[in-house]
Amino acid sequence: PGDPDVLKITEADLPEIKDHELLIQVEAFGINRPDVLQRMGLYPMPKGVTPIPGLEVAGIVVAKGSAVSLFNIGDEVCALTNG
């Protein structure tokens with residue numbers, strides 16, 4: 001939490017996806033009001049979600065869980081994440 005200057009670009013480990021999840025190589029993301037409130041320490045992130053800000057993403061599917069049937073590797077997607 002803090003002022004906007006606390007935001008930094010860093011690298012993180014790839015998450016392990018669950019059976020009903022996709023892994024998206026993010027090409028673009030949006031920082032919106034909930035992200036700003038979380039950065040300010042005024043809106044706690046839900047338990048069990050990534051600490052990476054950016055609720056809205058667009059990119060390419062690079063992996064999918066075993067129960068995913070509507071998407072394929074290489075599909076271009078946009079998504080609202082659970083964080």
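Predicted model: local features only at pLDDT ≥ 70, side-chain atom pairs only at ≥ 80, totals over all residues.
Residues are numbered from 1 along each chain as its sequence is written, and side-chain values use heavy atoms, with hydrogens and water left out.

The chain contains one helix and three strands, where helices (H or I, at least four residues) and strands (E, at least two) are DSSP runs numbered from the N terminus. In sequence order these elements follow the pattern β-α-β-β. The C-alpha trace of the chain extends over about 40 × 25 × 20 Å along its principal axes. Of the 83 residues in the chain, 19% are buried; buried means under 20% relative accessible area, exposed over 50%, and partly exposed in between, with a 1.4 Å probe and protein chains only.

The three strands form an open sheet in the order β1-β2-β3, with antiparallel pairing; two strands are taken to pair if DSSP finds at least two bridges between them. Because β1 and β3 stand at the edges and each has a single partner strand, one side of each is left without a neighbour in the sheet. Neighbouring strands of this sheet are turned by 40° against each other on average, direction ignored; the axes are lines fitted to C-alpha atoms, for helices over the stretch in contact, and angles run from 0 to 180 degrees between N-to-C directions.

The antiparallel pairing of β1 with β2 runs over eight bridges. Leu 23 has Ala 63 in β2 as its bridge partner, and Phe 29 stands opposite Val 57 in β2. Between β2 and β3, the antiparallel pairing comprises five bridges, and the bridge partner of Ile 60 in β3 is Glu 76. In a regular strand, side chains alternate between the two faces of the sheet.

The C-alpha atoms of Gln 38 and Pro 53 are 8.4 Å apart in space, with the two residues 15 residues apart in sequence.

Within the strands, Ala 58 is located in β2 and, at 27% relative accessibility, counts as partly exposed. Ala 58 and Ala 12 are separated by 46 residues in sequence and by 18 Å from C-alpha to C-alpha. Val 77 belongs to strand β3 and is buried, with a relative accessible area of 13%. The C-alpha atom of Val 77 is 19 Å from that of Thr 50, which is 27 residues away along the chain. In the loop between β2 and β3 lies Val 68, which is buried at a relative accessible area of 13%. Val 68 and Ala 12 are 56 residues apart along the chain, and their C-alpha atoms are separated by 24 Å.

The largest pocket has a volume of about 1,900 Å³. On a 1 Å grid over the protein atoms alone, a pocket is an open set of points with protein on both sides within 12 Å along at least five of seven lines, and lining residues have an atom within 4 Å of a point. Among the 46 lining residues, Val 26, Thr 50, Ile 52, Pro 53 and Gly 54 are the closest to the pocket centre. The elements that give two or more residues to the lining are β1 (22–30), α1 (33–39), β2 (56–64) and β3 (76–80). Strand β1 gives the most, with eight residues. By residue type, the lining divides into 28 nonpolar, nine polar and nine charged residues; Ala, Val, Leu, Ile, Met, Phe, Trp, Tyr, Cys and Pro count as nonpolar, Asp, Glu, Lys and Arg as charged, and the others, Gly among them, as polar.

Methods
1 Å grid on protein atoms, 1.4 Å probe; cavity = no way out; pocket = protein on both sides within 12 Å on 5 of 7 lines; lining within 4 Å. Points joined across faces, edges and corners; volume = space filled by probe spheres on them.
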